[in-house]
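Please look at the sequence and the model first.

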Amino acid sequence: METIQKKAENVADELALVQAAKSGDLEAFSQLVKRYDRNIFRIAQHITHNEEDAQDVVQEAFLKAYTNLEQFQGNSKFYTWLVRIAVNEALMKLRRRRSDKTVSIDEDVETEDGSMPREVADWSPNPEQLYGQSELGDILKKTIQGLPPGFRTVFVLRDVEGLSTEETAEMLGLSVPAVKSRLLRARLQLRERLAKYFKSRRSGDNPR
Amino acid sequence: MKCSEFLTELTDYLDGSITTGIRVELEEHLQWCHECEVVLNTTKKTIEIYRNNQLYELPDGLRMRLQEAIIKKCKSVKSCKNPE
């Protein structure tokens, strides 16, 4: 966890890099790219489920940020602004790939009780150790991919990337209560889906 | 407190953004409701597992392609400094 001081230094440092980049310093912009390209790729991959699309999103998002740097007012963090660009690009890619053209961050397909837990068996004490690293990775990918885009985007920004509810709301153009509602449902749905792999089981049992 | 009310507050409880009064009520509920305790613990575990396992690494060559694309873009504007 970053200390408050470290966080403040990072923000000041980021602002200096953005100012330098605005005046045409390419090296400063390159540093911003190196700082955030991993995060942007992960977010894009989670939304699009397609590596080629995710790579395009990273490139388009950074180029768009570079071209429109003048428009960045500094009212929010550069990273928040960048993620917002990337999420929009990623949703556009997803729409193009899917026959359903209505994909949006507002997509909210579940009813209130759609998240009521049905599976309440306890999990193994160390569920991650039930599977090898690569098998575990496949389970986690498959499980999160099953969530509606609006839910998984909120979950990734909040719980994987560690952004605040307010930052997530700002990035996605949603209200804070809307973010909280999606986050709750995303967490409960993931929990429900992972339960079949991680619940305490007798030897010989196989997940369905 | 009913289980459905517990669930409504679950996200704020996990994030520590909850008033003391509600936290006390939730913790009282957990004293007797094993099912909500399991849901709480396994939801917490769900978040931890996703946080601990980064599923996607930056593909080889992407960073370089990105730099090249930005240099190209930079060269197309007059104010560009140090493009190499």
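A crossing is left-handed if the near helix is turned anticlockwise from the far one by less than a right angle, and right-handed if clockwise. Helices here are DSSP runs of H or I with at least four residues, numbered from the N terminus. This is a predicted model, in which local features need pLDDT of at least 70 and side-chain atom pairs count only at pLDDT 80 or more, while totals for chains, interfaces and linings use all residues. Residues are numbered from 1 along each chain as its sequence is written, and side-chain values use heavy atoms, with hydrogens and water left out.

Q: In which hand does helix 5 of chain A pass helix 8 of chain A?
A: Helix 5 (residues 133-145) and helix 8 (residues 176-198) of chain A pack with their axes 10 Å apart, at an angle of about 150°. Axes are lines fitted to C-alpha atoms over the stretch in contact, and angles run from 0 to 180 degrees between N-to-C directions. The crossing of helix 5 of chain A with helix 8 of chain A is right-handed.

Q: What area is buried between chain B and chain A?
A: Buried area is the accessible area (1.4 Å probe) that two parts lose on being put together, summed over both. The contact (heavy atoms within 4.5 Å) takes 52 residues from chain A and 42 residues from chain B. Carbon and sulfur atoms give 64% of the buried area, which is about 4600 Å².

Q: Which helix of chain B gives the largest share of the side that touches chain A?
A: Seven salt bridges are counted between chain B and chain A. Helix 1 (3-15), helix 3 (34-52) and helix 4 (62-75) of chain B each supply at least two residues of the side touching chain A. The largest share, twelve residues, comes from helix 3 of chain B.

Key
Chains are lettered from A and ligands numbered from 1 in the order in which they are written. A salt bridge is a side-chain nitrogen of Lys or Arg within 4 Å of a carboxyl oxygen of Asp or Glu.
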